[in-house]
Amino acid sequence: MQRPRHAADVVTSEVLDELVAYAPASSQAVSLNASARAIWELCDGTRTLDEICGELAEEAGVAPEVLRGDVTSAIDRFRELGLVVGDGR
Amino acid sequence: MAGDPTTGDDRTVVDQRFEAIHVGFGPHHVVIRSGAPALSEDLRGAFGPMLADGPVGIEAGTIVAVPDADGVRVGSGADAATTRVVDSDWAPREAYHEAIKLLMRARAELVWLHAGVAAWQDQACLFVGPSGQGKSTLVAALLDRGWSYFSDEIGAIDAAAGCVHPFPLAPRRRVHEGALLAQDDLAAIRRLPKVDVDFAPEAIGREPRPVAGIYFLDFDPGSDGVRERTATPAESVLAMLGNSLALEPDRKREIASLAQLAGRVPCRRLAYPGADIAAAWVHEAAVATSQTR
């Protein structure tokens, strides 16, 4: 099972409480709010999708299945933008 | 003919045949050596307030424009070493853009944005947006209200200092002339002809000024008034990135600079149906701010 990780050339910058991420491969930039940033930070190449959902769910006090759809969508979006490689499925 | 016009080896021959136009920006200038009077006239018209009487400060590079059988040969760079032949009608724009690029490269530490810039008293505002969003027309309307002119096209920003440098290309604005346009037909808007904006020489900004506000423009001719909302710093960074003019961008440094700017300067999205209405709104806001300082 793949473990999503940040694309090697992504540039990030803190902008107050948000994170701006720029992917040279797609020339696209996006700002990550707190939820998206939490998912992004767990995409470090060491965790599967299930493990990412599990960690976030534990923090939020919900079952992992509750978050799976949103986490999957976020990682898919990161991949489309060139921010992340590997989808964890 | 003795001498080489591209290197200026024989200055006497060059001076006789190739008019030298000097364009200044801060401590730098670009020399444009033009072999065609009509092209020279176009360039003088386009650079307007940025023209200098002679070389001042550091030379950022030379542009040479020489008519030849196929059009106009335009050379650019430190020794006009990079050349290309362009159509005669296009040659003024080619030389114009190459000169601007040389000045931008000379000041690569600045953040360069597609923006109109004007100042009320000692505070400047940026009006960021792509072609067709009304930057030039809005800046012209602010000049009518006593603002100083910095640029209607290019924002040259020192993000660390939070200030913007004047880059006063000759201002021009689009005229509608009664043409029927769909409100979202940006391509049609961009095809509208442009006319020179009249302004007094004393209205030109000559010194950098602190950036007091950044407006991201949404021209909405179908709306019935100005709609304004605060743009978050992250949203502002994205909007400025989308209007970046950086030539060989170091995106990491650029994003960090934009984040620095967005974190210290109020940023707003401004949707408006016409330049006069927007200018009135912006002017009132600037006056109110200056009265509370």
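Student: Which residue forms a salt bridge with D76(A)?

Tutor: First, the idea: a salt bridge is a side-chain nitrogen of Lys or Arg within 4 Å of a carboxyl oxygen of Asp or Glu. Here D76(A) pairs with R79(A), and their closest N and O atoms are 2.9 Å apart. Keep in mind that this is a predicted model, where local features need pLDDT of at least 70, side-chain atom pairs count only at pLDDT 80 or more, and totals for chains, interfaces and linings use all residues. Residues are numbered from 1 along each chain, chains are lettered from A, and side-chain values use heavy atoms.

Student: Is D76(A) buried or exposed?

Tutor: Buried means under 20% relative accessible area, exposed over 50%, and partly exposed in between (1.4 Å probe, protein chains only). D76(A) has 19%, so it's buried, while R79(A), at 35%, is partly exposed.

Student: How many salt bridges are there over all chains?

Tutor: The rule gives 19. One of them joins R37(A) to E41(A), with the closest N and O atoms 2.9 Å apart. In chain B, R84(B), E94(B), E98(B) and K101(B) are linked in a network.

Student: What area is buried between chain B and chain A, then?

Tutor: The size of an interface is often given as the accessible area lost when the parts come together. That loss, taken with a 1.4 Å probe, is summed over both parts. Here it's about 950 Å², with carbon and sulfur atoms giving 80%. On the chain B side, A234(B), L238(B) and I255(B) lose the most area to chain A, together 45% of what that side buries.

Definitions and conventions
Buried area = accessible area lost by both parts, 1.4 Å probe.
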